[in-house]
Amino acid sequence: MAARASWKGHLKVGDLACAVGLYTAISSSDRVSFNIINRRTGHRVERRFVDSDTGKLVERDDQVKGYQMENGDYIVIEGEEIAEIVAESDKVLNVKAFIAYDDIDKLYLDRPYYLAPVDEHDEEALSLMVRGMRDGKVAALAEAVLFRRNRALLIRPHDSHIIATMLNFDYEVRSADTVFKDIPDIKFDKEMLELAGHIIETKRGSFDPSAYEDRYEAALVELVRAKIEGRAPPKKKPAPENKVVDLMEALRQSAKMSGKAKKAPAKKKAPARSDSQRTKAG
């Protein structure tokens with residue numbers, strides 16, 4: 001089934017433009033999902049809003065947004081008032097500047113989308129833009145009204161695709177100073193540094209997303225499957241007991257384990273589950 005675009009418009013650089021679509025690059029639709037049901041009847045439960053004081057049901061027409069002030073009172077914000085301040089979308093992804101990709105702090109990267117031409121005759125213009133970015137080793141900073149709000153996006157070539165990543169605003173990114181202090185410059189003796197270096201070297205590798213399993217999701221799938229088949233749900237394995245040791249001893253033990261892990265034969269990968277093996281709880 002062909003993917004549906006979350007947004008369609010035009011990517012524009014000066015007088016050069018081409019029709020493009022944004023397609024979500026991440027999805028949670030394959031996760032196990034649950035509904036809330038009545039334990040007694042097995043029927044699905046409906047969510048309704050009630051007045052916090054009277055406990056009476058509030059009908060949809062009487063539900064309105066409110067902003068709480070410091071004194072605890074609320075000011076009412078009508079839907080029409082919000083609609084008046086929402087920016088009108090001109091369906092244009094307007095490139096403002098080209099920057100080195102490393103100039104963007106990764107904390108500002110939010111949600112990624114695939115950017116693709118809408119029609120075949122737009123492929124040439126988009127390919128030209130991408131070729132220029134590859135040759136210049138730059139990414140494009142663009143602005144657009146997406147999903148009723150103005151957004152900033154970082155557009156960059158990625159392998160044979162184009163990624164448009166929505167960016168967080170400056171006020172959304174918290175300063176690290178509010179969480180912790182700088183890592184202190186502590187002096188370590190030679191043996192500790194050599195042990196730490198040895199551990200890092202024996203665990204050196206590369207990032208392979210397929211090697212990391214969502215163990216919680218896998219456990220949910222197995223739990224649902226066991227319930228459907230009338231089997232006893234799997235039991236969680238007890239967590240290993242952690243012994244308190246000093247830093248030097250921990251480094252020595254970790255170095256020993258790292259050496260053994262490097263010499264051990266690689267395990268074969270378990271076959272991937274097919275779609276027919278997936279279980280959904282709906």
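User: How far apart in helix 3 are Glu194 and Lys190, counted in residues and in turns?

Analyst: Glu194 and Lys190 are four residues apart in helix 3, which puts about one helical turn between them. An α-helix has 3.6 residues a turn, so residues three or four places apart point the same way. A helix here is a DSSP run of H or I with at least four residues, while a strand is a run of E with at least two, both numbered from the N terminus. Bear in mind that this is a predicted model, where local features need pLDDT of at least 70 and side-chain atom pairs count only at pLDDT 80 or more, while totals for chains, interfaces and linings use all residues. Residues are numbered from 1 along each chain as its sequence is written, and side-chain values use heavy atoms, with hydrogens and water left out.

User: What makes the contact of Glu194 with Lys190 a salt bridge?

Analyst: The term asks for a side-chain nitrogen of Lys or Arg within 4 Å of a carboxyl oxygen of Asp or Glu. For Glu194 and Lys190 the closest N and O atoms are 3.9 Å apart, so the pair meets the cut-off of 4 Å.

User: Why is Lys190 called exposed, and what is Glu194 called?

Analyst: Buried means under 20% relative accessible area, exposed means over 50%, and partly exposed is in between (1.4 Å probe, protein chains only). Lys190 has 63% and is therefore exposed; Glu194 has 48%, so Glu194 is partly exposed.

User: Which salt bridge does Arg131 form, and with what N to O distance?

Analyst: Arg131 pairs with Asp135, and their closest N and O atoms are 3.2 Å apart. These two are four residues apart in helix 2, again about one helical turn. Arg131 has a relative accessible area of 53% and is therefore exposed, and Asp135, at 54%, is exposed too.

User: How do you know that the length of helix 2 agrees with its residue count?

Analyst: The expected span is 1.5 Å times one less than the number of residues. Helix 2 has 14 residues (123-136), which should span 20 Å, and its end C-alpha atoms are 20 Å apart, so the two agree.

User: Which residues of helix 2 are buried, and what makes them one side of it?

Analyst: Ala125, Leu126, Met129, Val130 and Met133 are buried. They cover an arc of only 135 degrees around the axis, which puts them on the same side of helix 2; the arc is taken from the directions between the helix axis and the C-beta atoms. The face turned away from this buried side carries the exposed Glu124, Leu128, Arg131 and Asp135. After helix 2 comes Lys137, with a positive phi near 55 degrees.

User: Which residues are linked in a network of salt bridges?

Analyst: Glu222, Arg225, Glu229 and Arg231 are linked in this way. Within this group, Arg231 bridges to Glu222 at 3.1 Å between the closest N and O atoms. Arg231 has 35% relative accessible area and Glu222 has 25%; both count as partly exposed.
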